[in-house]
Amino acid sequence: MEICIVHYGEIGVKGENRVFFERKLVENIGRFAKAKRRFGWIEVEYYDGIEDKLRKVPGIRYFGIGYKTDLELSAIKSAVFKALPEDFETFKISTSRRNKNFPLNSIEINKELGSAVVEKTGKKVDLENPDVTIWVEIGENFALVYSKRFEGIGGLPVGTAGKVVSLISGGIDSPVASFLAMKRGCEVVAVHFFNKTLHSPDVRKKIVMLAEKLSEYQGDLKLYMIPFEDVQMEIIRIVPPKLRMVIYRRSMMRMANLIAEKENAKAIVTGDNISQVASQTLDNLNVIYSASKLAVLPPLLGFDKEEIISLAKKIGTYEISILPYEDCCSLMVAKHPETRAKKEFVEEFEEFEELEKSAVEKGEIIEIHS
Ligand code: ATP
Ligand code: MG
């Protein structure tokens, strides 16, 4: 019977925390398959199509689909025969031996298994560029044999770093930022601010689609839809156009902090990167982020737009992000917004605390199930 042999990267070296990280990974995989913690790897029950799911689990570095056998050469040999694909001309055996008590070393095992395959199939060994590689792992209690190997996304299991509130705009960047936070072990609570009086049902649909895509990586995900037209109206009423952008972003920060308090989240994540748009000068980011009590983390900090787009395509959010929608904030932004905002100056205009509180209270919470 085939099984999945799951390997994690970084979590293997986390000392005391190791068990905690491994348990979390087992729990996260457990949402869609039976998983068991073993010495240095995780065993997952195989079913058709599970590859696509395992590929999306943060914390998995790579995984194989193959066989678990006794620690005995004859048993390993028959597993190797089973793991061989039907069609190939050249092959290679690649053994790693974690268990130093096994009587043969990895080079000897490669040779033994290699000649057995040659004898049985008449195919050739090619160490440089084989059609198929058979991986053999000599573990503490079992040997593992597989020829199907897949790269995971790496990172750390979701939930090991705690919760963050992630601001999702409907553009290309913020879903990628959320994904990167998940990849570093954060559980994402997504928040979208919209103007109820302007928005069509399409906006809600689009944001829910993005959240659903992200939940493929995280598992269940909570999405807050916050109607903030009252705050916006007030901003339009009292703030000069040049400053509105910075002020409405500060307002979003404060509301995100209110949500973080309810959710017991420890940081705010945004899709900002440096100097991509006018609100993202360092002066403006300083003023915007200082409205947050919690640390604000922008995972895209060092990315170029092309890099963000290619990651968005890879994780599957790009196609959703480019669907047309009305950006609730474009109407209130000046043609030439302030690029060097001063905190003292913007604070003069801010009297929206009550409106912000009530916007958050009116928010709709959508539970996305993966
Ligand atoms: P994106 O592609 O994510 O929209 P952007 O480069 O277009 O980013 P902005 O639109 O200025 O930049 O937004 C910067 C960040 O502010 C976004 O990445 C997102 O985290 C947050 N943000 C902006 N608008 C909203 C909104 N309506 N709801 C929630 N978050 C928002
Ligand atoms: Mg945007």
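**Loops, helices and the ligand site**

Trainee: Phe 303 is found in the loop between strand S13 (295–297) and helix H10 (305–315). Is Phe 303 buried, partly exposed or exposed?

Mentor: This is a predicted model, so local features need pLDDT of at least 70 and side-chain atom pairs count only at pLDDT 80 or more, while totals for chains, interfaces and linings use all residues. Residues are numbered from 1 along each chain as its sequence is written, chains are lettered from A and ligands numbered from 1 in the order in which they are written, and side-chain values use heavy atoms, with hydrogens and water left out. Buried means under 20% relative accessible area, exposed over 50%, and partly exposed in between (1.4 Å probe, protein chains only). The relative accessible area of Phe 303 is 27%, which means that Phe 303 is partly exposed.

Trainee: What is Phe 303 in contact with, leaving aside its neighbours within four places in sequence?

Mentor: Contact means heavy atoms within 4.5 Å. With neighbours within four places in sequence left out, the contacts of Phe 303 are Leu 180, Asn 273, Ile 308 and Leu 311.

Trainee: How many helices and strands does the protein have?

Mentor: Helices (H or I, at least four residues) and strands (E, at least two) are DSSP runs, numbered from the N terminus. The protein has 370 residues, of which 51% are buried. Among contacts with a separation of 6 or more, 80% join residues 24 or more positions apart. The element count is 13 helices and 14 strands.

Trainee: How much of the accessible area of ligand 1 does the protein cover?

Mentor: Accessible areas come from the Shrake-Rupley method with a 1.4 Å probe; for residues, only the protein chains shown count as cover. On its own, ligand 1 has 580 Å² of accessible area, and the protein covers 90%.

Trainee: Which element gives the most residues to the shell around ligand 1?

Mentor: The shell has 20 residues (a heavy atom within 4 Å), and Leu 167, Ser 169, Asp 173, Ser 174 and Gln 276 are the closest. Two or more residues come from each of helix H5 (173–183), strand S10 (186–194) and helix H8 (241–263). The element that gives the most, with 3 residues, is S10.

Trainee: At what distance does the side chain of Thr 270 make a polar contact with that of Asp 272?

Mentor: Thr 270 is found in the loop between strand S12 (267–269) and helix H9 (282–289). Its relative accessible area is 2%, so Thr 270 is buried. Beyond four places in sequence, its contacts include Leu 167, Arg 249 and Tyr 289. The side chains of Thr 270 and Asp 272 make their polar contact at 2.8 Å.

Trainee: Which backbone nitrogen does the side chain of Asn 257 reach?

Mentor: Asn 257 is in helix H8 and is buried at 9% relative accessible area. Its contacts beyond four places in sequence are Ile 268, Ser 292, Lys 293 and Leu 294. At 3.1 Å, the side chain of Asn 257 reaches the backbone nitrogen of Lys 293.

Trainee: What arc do the buried residues of helix H3 cover?

Mentor: In helix H3 (residues 73–83), Ile 76, Ala 79, Val 80 and Ala 83 are buried. The arc is that of the directions from the helix axis to the C-beta atoms. These residues lie on the same side of H3, because they cover an arc of only 105 degrees.

Trainee: Which exposed residues does H13 carry on the face turned away from its buried side?

Mentor: The buried residues of helix H13 (residues 353–362) are Glu 356, Ala 359 and Val 360. They cover an arc of only 95 degrees around the axis and are therefore on the same side of H13. Their cover includes strand S11 (221–227), helix H7 (229–238) and H8. The face turned away from that buried side carries the exposed residues Glu 354 and Glu 361.

Key: A polar contact is a pair of N or O atoms within 3.5 Å; within protein, one must be able to donate a hydrogen and the other to accept it, and residues adjacent in sequence count only if both atoms are side-chain atoms.
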